[in-house]
Amino acid sequence: MAVSSINSLHSFTLSKSLSLSPLLTPYHRHRLLLTTRLLFSTTAATTTTTSLPLLRLRRRSRGVPVLEVSKREDIEFTSRGDLRYEVPLRIAEYPDPRLRLRNKAVREFGDELKKLVDEMFDMMYKTDGIGLSAPQVGINVQLMVFNPAAERGEGQEIALINPRVVKYSKEKKVLSEGCLSFPGIYGVVQRPVSVTIDAQDVTGAKFRIDMSGIPARIFQHEFDHLKQGILFFERMTETVLEEIRADLQALEEKYEKNTGTPSPEQIEKRNRPRSAVGFGKSK
């Protein structure tokens with residue numbers, strides 16, 4: 001997610017202090033989401049990814065997503081080689097087809113994952129972002145990083161692996177959003193103001209976290225990337241979409257010029273109107 005007109009930060013909490021693994025270096029302790037300001041839920045230690053009803057996104061034939069209970073058999077896990085990447089990482093820009101692929105759940109928690117998290121933070125800061133998902137750098141796994149402060153050494157660096165939505169607020173708010181996969185493009189999107197999730201950290205520890213305000217919005221934006229390849233313009237109203245339609249077409253033309261192949265999708269062929277449901281509803 002890119003820095004936009006958002007200029008106020010809101011807090012997010014866990015409900016019990018976190019103990020970081022003694023095997024982590026001070027550097028990695030700093031880089032993890034889980035700093036002394038974050039608190040664990042008292043139930044997190046006994047919670048597994050299948051012990052609670054989880055939510056996932058499902059597309060309708062004419063809509064952006066609805067939420068439904070996630071099933072264990074729907075989960076595809078990473079295998080050897082899925083976390084391999086080339087340095088430096090590169091941002092996959094729309095309409096790169098990797099942004100639409102299914103992302104695998106991570107089950108290997110080790111140095112390779114920690115290094116990937118570090119590389120993603122570095123790329124996020126270099127591109128003036130406040131959030132970044134793994135598919136945006138061409139790695140189709142369920143991993144996101146973000147820092148609402150948008151500055152290295154400030155705010156909180158948050159890394160979430162295999163996130164699942166438990167619940168979200170009925171109250172919604174409209175704010176401007178950008179996306180690193182859509183350079184220079186911004187548009188207003190309506191989303192719930194708070195969300196509760198289950199996730200894992202880079203050591204594989206499970207926890208529950210409540211987010212509100214800007215952190216909740218960043219999470220939902222990146223979660224769209226992870227779960228079904230939903231892109232933020234699909235949550236915009238027709239009026240807002242018309243304002244950026246020419247910019248989207250320019251990115252499609254850029255892709256065709258750089259790759260020598262037809263764009264895998266075209267905004268002009270997108271069926272409208274669409275009703276965006278799940279994390280917010282377009283009017």
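This is a predicted model: local features need pLDDT of at least 70, side-chain atom pairs count only at pLDDT 80 or more; totals for chains, interfaces and linings use all residues.

Reader: Where does E157 sit in the chain, and is E157 buried or exposed?

Author: E157 belongs to the loop between β5 and β6. With a relative accessible area of 5%, E157 is under the 20% cut-off and so counts as buried.

Reader: OK, zoom out for me. How many helices and strands are there, and in which pattern do they follow one another?

Author: The chain has four helices and ten strands. Along the sequence they read β-α-β-β-α-β-β-β-β-β-β-β-α-α. Buried residues account for 52% of the 283 residues. Of the contacts between residues at least 6 apart in sequence, 70% join residues at least 24 apart.

Reader: How should I read a nonpolar core?

Author: The general idea is that nonpolar side chains tend to be buried together in soluble globular proteins. Here, the largest nonpolar core has 24 residues, and M120, L132, V137, L143 and V145 touch the most other members. Two or more residues come from each of α2 (111-126), β5 (143-146) and β6 (158-168). α2 gives the largest share, eight residues.

Reader: Which residues does V145 touch, leaving out those up to four places away in sequence?

Author: V145 touches V117, M120, F121, M124, G131, L132, I158 and A159. There's also a second, separate core of 20 residues, with I130, V195, A216 and I218 among its members.

Reader: And how do I read a helix like α2?

Author: Residues three or four places apart on an α-helix point the same way, because there are 3.6 residues a turn. As for length, α2 has 16 residues and spans 23 Å from first to last C-alpha, close to the 22 Å expected. After α2 comes D128, with a positive phi near 60 degrees.

Reader: Now strands. What should I look for in β6?

Author: In a regular strand, side chains alternate between the two faces of the sheet. In this model, eight of the eleven residues of β6 are buried. β6 pairs with β5 in the antiparallel sense over four bridges, and L143 stands opposite I161 in β6. β6 is also joined to β9 (residues 194-200) by five bridges, again antiparallel. There, Y168 stands opposite V195 in β9.

Reader: I like ring geometry. How many aromatic pairs are there?

Author: The count is six. Take Y94 and F182: their ring centres are 5.1 Å apart and their planes are at 20 degrees, so the pair is stacked. Y94 is in the loop between β3 (65-69) and α2, while F182 is in strand β8 (residues 182-192), so the pair ties together parts 88 residues apart in sequence.

Reader: Why is the pair of Y94 and F233 called edge-to-face?

Author: Because their planes are at 80 degrees, with the ring centres 5.6 Å apart; the cut-off for edge-to-face is over 60 degrees. This pair links parts 139 residues apart, since F233 lies in the loop between α3 (213-228) and α4 (238-259). Y94 is buried at 1% relative accessible area, F182 is buried at 1%, and F233 is buried at 1% as well. Ring pairs link Y94, F182, F232 and F233 into a cluster.

Notes:
Residues are numbered from 1 along each chain as its sequence is written. Side-chain values use heavy atoms; hydrogens and water are left out. A nonpolar core is a set of buried Ala, Val, Leu, Ile, Met, Phe, Trp, Tyr and Cys residues joined through side-chain atoms within 4.5 Å. Buried means under 20% relative accessible area, exposed over 50%, partly exposed in between (1.4 Å probe, protein chains only). Contact means heavy atoms within 4.5 Å. Rings of Phe, Tyr and Trp (its six-membered ring) pair if their centres lie within 6.5 Å; planes under 30 degrees apart count as stacked, over 60 as edge-to-face and the rest as tilted. Two strands pair if DSSP finds at least two bridges between them. The expected span of a helix is 1.5 Å times one less than its number of residues.
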